[in-house]
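This briefing concerns side-chain pairing and the packing of secondary-structure elements. Please consult the sequence and structure shown below alongside the text.

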Amino acid sequence: MSSLPRRVKSEAKALTSEDDELPSFLNSSSESEEEEEEWEPKSKIAKRPRLPKKNEAKTKKVAAPRSAVARKKVKKAAIKEEMDVSLPIPPAEVNRMQLLEPKEEDVGTKPKTLNQKPEVPKKMEINSFQGKKVKSLENDEEPSTSVPVVGNQVKHEKSEEDFAFDEPPFKKIKSTTCPEGKPVKNLGGNKVKEEFEMNWDIVQALSEITNVESWVCANLIRLFQEENTIPFIARYRKELINNLEADALREVQQTLEELRTVAKKTHTMIQKLKKEGKLSGCLLTALLNCRTLEELDHVSAPYKTGSKGTKAQRAKQLGLEPAALCLLQNPMELNLFSYIRPNTKGLSTIQEVEAGVQHILADIFAKDKDTLDFIRKLCQQRYICIQSALAKVSSKSGNEKDIDKFQLYHEFSCNIKNIQHHQILAINRGENLKILTVKVNIPDGVKNEFCWWCVNERWRPKQFLKPELMRILRNSVEDAYKRLIYPLLCREFRSKLTSDAEKESVMMFGRNLRQLLLTSPVRGRTLMGVDPGYKHGCKLAIISPTSQILHTDVIYLHSGQGFREAEKIKRLLLQYNCSTVVIGNGTACRETEAYFADLIMKKYFAPLDVVYCIVSEAGASIYSVSPEASKEMPDLDPNLRSAVSIARRVQDPLAELVKIEPKHIGVGMYQHDVSQTLLKATLDSVVEECVSFVGVDINICSEILLRHIAGLNANRAKNIIEWREKNGPFINREQLKEVKGLGPKSFQQCAGFIRFNQEYIKTFCSSKKAELGSHALLTKAGAQGKKKSKPTPCASRQPNPLDQTCIHPESYSIAMRFLSFIGGNANDIGKSDMQQKVNAVIQKEGLEGTAKKLNTTVHTLQLIIDGLTQPEGFDIRTDFDKPDFKRSIVCFEDLSVGTVLTGKVENATPFGVFVDIGVGKAGLIPVRNITEAKLSKVKKRRSLGLGPGERVEVKVLNVDIPRLRITLDLIRVL
């Protein structure tokens, strides 16, 4: 039996290569020589940590198969026990992963575990209702989220603290009673070694950082541990995650990876220090308390191997550490003159001895947790500001255009609590370009209060101190603040601000990308795509309603041949009965738009009523020379391919835009300045979420689109296409299990997002009935050498009406029970009769009452109801905006203050929204003008703010012709 395919996770590098992983302001040592280095922002590379490892030997447990009668008996006997299990879903449920909600008294300690309770055995999953008897409501007690468990095996859950950071993935064992495979833990000696424990609980830390309930965090850790994808969790595990949105899940996942990276690096550092003999009890505690990379770097900085070592380390090597400790513990007995060695550098005079003692004391103060906690708390109560100014070097020699871009930040100051994310990113960019100098300003009052507290409270000597020793103590505290603590605070503040700003920028890009991908498709139209240009002409492509290329051409509109070319355009439009023109927004877009608008106004294309729209061509030229484009359109010139891409972006935006790398779509803010690893991971996740939630028809979709379905990748998508070409269309979801490389886990993740057009399949089945029998035998014969776990029974050749819905195969048995409960028929899915029957039952029983009768969760029942009542071919994108079709044009000079226009949102940023109002330059609605009252209440909204593609009515507030800037006010969302 082959092992399950796994999603490859990138490995977090060891701490030895810190320079690759940490930004420059974290790499700089906490103790510099005389002056601290300036903080310089660099793009961080967020490493994805490995899945946990386990060092113990793995033991395979395969349960002996049991008879159905025995299983039924155990199930009935176990029902009472099931009720007692504390779960984050209604009490009657049996949770598929035994995921728990910790009780209130447990919060802050360990999450509740199930070590004492044996897991209740559950029946085999029903993969398809075809050829199987539908069980009665009373006997079938399996909830929607349940999944088969290996035989009689008792599985003990470890507490969340026991989830180690260095374990290999658990072995998944497939058996006759468990075709999907379950992670099997070693039941004996499953404790994590002490060196991999942290002094904080990962569930609590995750909960505090993300503001998500701790029981949800515990569930999510386990769900991610089992390699579940975000689209799958967001749609099919809602009861375990308290109905969180995909964005929130992504944030939890990223934070979890960050915490695991910190833990991994901490233990690498501990091992390194232990090897070098530098590890003390206090240092171990300090390291295990670290929650961020900044803290870890600060604690471990003095112990890193450097050429000179820190001032404190050099003083300790001279033997001055006992003197420093004596000054704090027993100053009456301290005689610094006894440490003078005339011939030794650093000990030759009393001043050098005092300086050495001072450096050791400063180091002790700067590494003390209580001292750092005090200064951090003090800073929270005071006015700390970040200031930027024009750098002296750049003002003398530099590009004036670049300097003008940062005009707002030439004399800028803002409280770090109030500064906006885009301001941080702008300041960082200016600093990187050496146009700006940036500093964090901590008021002197903070320093004075801190020094007084250190001398009189925290580090107050235990005995009377002579004046000269008191002077050393005071100087040590001031030195610790100025040389060590102040630079650390500046790094911490800027690191936190930059990290938050980068995350917000990436999240904003993700939200904009989602809105763009979910733009409503324009179906059933023949479209003419135009890629505008001057010298090399405008490239044309006419595509059919099914995306087939009907004609391509090049026309020269802007070289004095406009009138002659108009005849050609008219002839093509009439020949292909095309009345919609799609113009790319690149070079010569404005002139091309004016050309078409003029012809439309003159009714030149009569009898056709021609309309046009402008569409973003970002990434079209990159795609046109890509290997995918060459494979898809081998005979076309790359310039003409971009015209095809522009037309298809209106016909089916999702299918076309997934072909382009997300960062080239251009709906972000400072995307080149942020961590490229984080950006790519987030955008790929958003694409996967959009493609999965829209769903794909397995028999007609492209390989590129299939790659982005949850649970699939490039290899699996290729194998699916190959299977389709060899065996003909897929008849039902079960056949996916026959595809090479698509194991139970991949099937579980992707099955719910794959659709089947029932009409097409019925036609295919009726025409191929004679061939089907022999084809099944051939497939069986061909599959002899393949896995035995994937047979091709004749039953799997029958179409399943539930396959056209969003209902997951694991819930088919519940869906069939619900259908028999309401007296419905699977062939009526999506019809008005079904809607009426469902409404009648829900009004009578209520959603919760019905869920209880079916022994399932409300979320799963709601999903089943949606799947049964949504019309065939339902598309979630119908709730989103279509492109804005126009017949006339407005010029920049025509604008005046007070003019009311309609436009389409192009891009959203934290400081406002850019709207295309058809004048060749986008106008800005400042964020202060976007209020909740002005946003549509009826339309489904992904977030409070506006997003790309939404149509809005705006009023012109200001027109700045020299700077080509338009300020708008939002009237309403259309």
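Lys 737 is partly exposed, with a relative accessible area of 23%, whereas Glu 734 counts as buried at 17%; buried means under 20% relative accessible area, exposed over 50%, and partly exposed in between (1.4 Å probe, protein chains only). The model is predicted: local features need pLDDT of at least 70, side-chain atom pairs count only at pLDDT 80 or more, and totals for chains, interfaces and linings use all residues. Residues are numbered from 1 along each chain as its sequence is written, and side-chain values use heavy atoms, with hydrogens and water left out.

**Salt bridges**

- Lys 737 and Glu 734 meet through their side chains in a salt bridge (3.6 Å, N to O), defined as a side-chain nitrogen of Lys or Arg within 4 Å of a carboxyl oxygen of Asp or Glu.
- The whole structure contains 36 salt bridges.
- Glu 689 pairs with Arg 514 in a salt bridge whose closest N and O atoms are 2.9 Å apart.
- Glu 689 belongs to helix 25 (residues 676-694) and Arg 514 to helix 18 (residues 467-517), so the pair ties together parts 175 residues apart in sequence; helices are DSSP runs of H or I with at least four residues, numbered from the N terminus.
- Both Glu 689 and Arg 514 are buried.
- A network of salt bridges links Asp 247, Arg 250, Arg 514 and Glu 689.

**Strand pairing**

- Strand 13 (residues 900-909) and strand 16 (residues 951-960) run antiparallel and are joined by five bridges; strands are DSSP runs of E with at least two residues, and two strands pair if DSSP finds at least two bridges between them.
- Gly 903 stands opposite Val 952 in strand 16.
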